[in-house]
Amino acid sequence: MKSVLPFIAARDADFATEWLAALQAAMPGETVVPLALLDDAERAQCTVAVVANPQPQDLRSLPQLRWVHSVWAGVERMLADSGDTDLKIVRLVDPQLADTMAEAVLAWTLYLHRDMPRYLRQQRERLWRPHDYVRPQDKTVGLLGLGALGEAAARRLVMAGFDVQGWSRTPRTLAGVTCHAGDQGLTQMLARTDILVCLLPLTAQTQGLLSDSTFGRLTRPAALINFARGAVVDDEALRRALDHGVLSHAVLDVFATEPLPVDSWHWSHPSVTVLPHISAPTNRMTAAAIVAANVAAYRRDGVIPVHVDRSRGY
Ligand code: NAP
């Protein structure tokens, strides 16, 4: 008999329909259904669900729920919303997603490395002024976060010839990358950084981490790429750093409030590139295959895949 697997989304019907189709195609042995279609008796049987930004009350309507598989890589909101419970949250770890993020990091690092914001400004002023070329090996990219995404990005940057340094909570070893950990490690990395790339999860420790004090540890004007979460950056500190030349430019894909409000200062700041959270979209097909493999292993062996550690927040 097929098992019932609820899909819980808090988004519009189109979005849910596409996910339902992809998940069902990847799991012919499951009946993948929107939560709303399940009656109380069916809900009482469910121990696992697939989720995309679920409402806390939807999760509470499944009394036997042991774990959820998110189709997103970042799950900080669900973690906060789910409160004091032992519900296990499995986030998406997909090599395709890591590859897409690595591509985005390389693309925007090259944008900054080859001075495109500056030449864009010069064109607007009809100014013909070449600047000295600096080789990638003479530029340091400092990566905040060396997890699934940070590691893939580091590899691409090393291949492109940059001096790559990385920072994580626990010490890491990565070929071709100078790795740092802890507060002292962050200071060491920032002292050398020309382009700072943020790929940290949003946790109690990383919220507002990019502050006056952090930017103050840069020893030369650096550029910032934030592809993680908006709230990792203290927005007013960012504005001050840009206005005072501590930061030369910021490429921002994520914001504390999304969509970015029309009256936000970021839109018109001359040293900011605004992107609408597009650096690494989930690929429905590869994600569905990963969810399918994890759900199949659970149905077979009862093993819940690696999940978020609530005490460290990611
Ligand atoms: P991950 O595998 O969990 O890696 C997180 C990394 O950050 C690890 O290296 C971890 O250190 C480090 N870290 C965590 N807390 C830290 C702290 N307090 N100090 C120093 N380092 C810390 O996460 P991931 O899959 O790479 O994803 C990272 C984030 O990217 C997600 O949480 C999500 O918010 C964001 N994201 C954005 C997009 C987008 O389109 N913009 C798409 C997908 C994901 P350890 O190695 O010591 O554990």
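Is Asp212 buried, partly exposed or exposed? With a relative accessible area of 40%, Asp212 is partly exposed, where buried means under 20% relative accessible area, exposed over 50%, and partly exposed in between, using a 1.4 Å probe and protein chains only. The model is a predicted one, in which local features need pLDDT of at least 70 and side-chain atom pairs count only at pLDDT 80 or more, while totals for chains, interfaces and linings use all residues. Residues are numbered from 1 along each chain as its sequence is written, and side-chain values use heavy atoms, with hydrogens and water left out.

Asp212 forms a salt bridge (a side-chain nitrogen of Lys or Arg within 4 Å of a carboxyl oxygen of Asp or Glu) with Arg240, the closest N and O atoms being 2.8 Å apart. This pair links distant parts of the chain, since Asp212 belongs to helix H9 and Arg240 to helix H10 (residues 235-243), 28 residues apart; helices (H or I, at least four residues) and strands (E, at least two) are DSSP runs numbered from the N terminus. Arg240, at 35% relative accessibility, is likewise partly exposed.

A second salt bridge joins the side chains of Asp163 and Arg192, at 3.3 Å from N to O. Because Asp163 lies in strand S7 (residues 163-168) and Arg192 in helix H8 (residues 182-192), the pair ties together parts that are 29 residues apart in sequence. Asp163 counts as buried at 18% relative accessibility, whereas Arg192 is partly exposed at 41%.

Finally, Glu151, Arg155 and Arg172 are linked in a network of salt bridges, and the count by this rule comes to 14 salt bridges.
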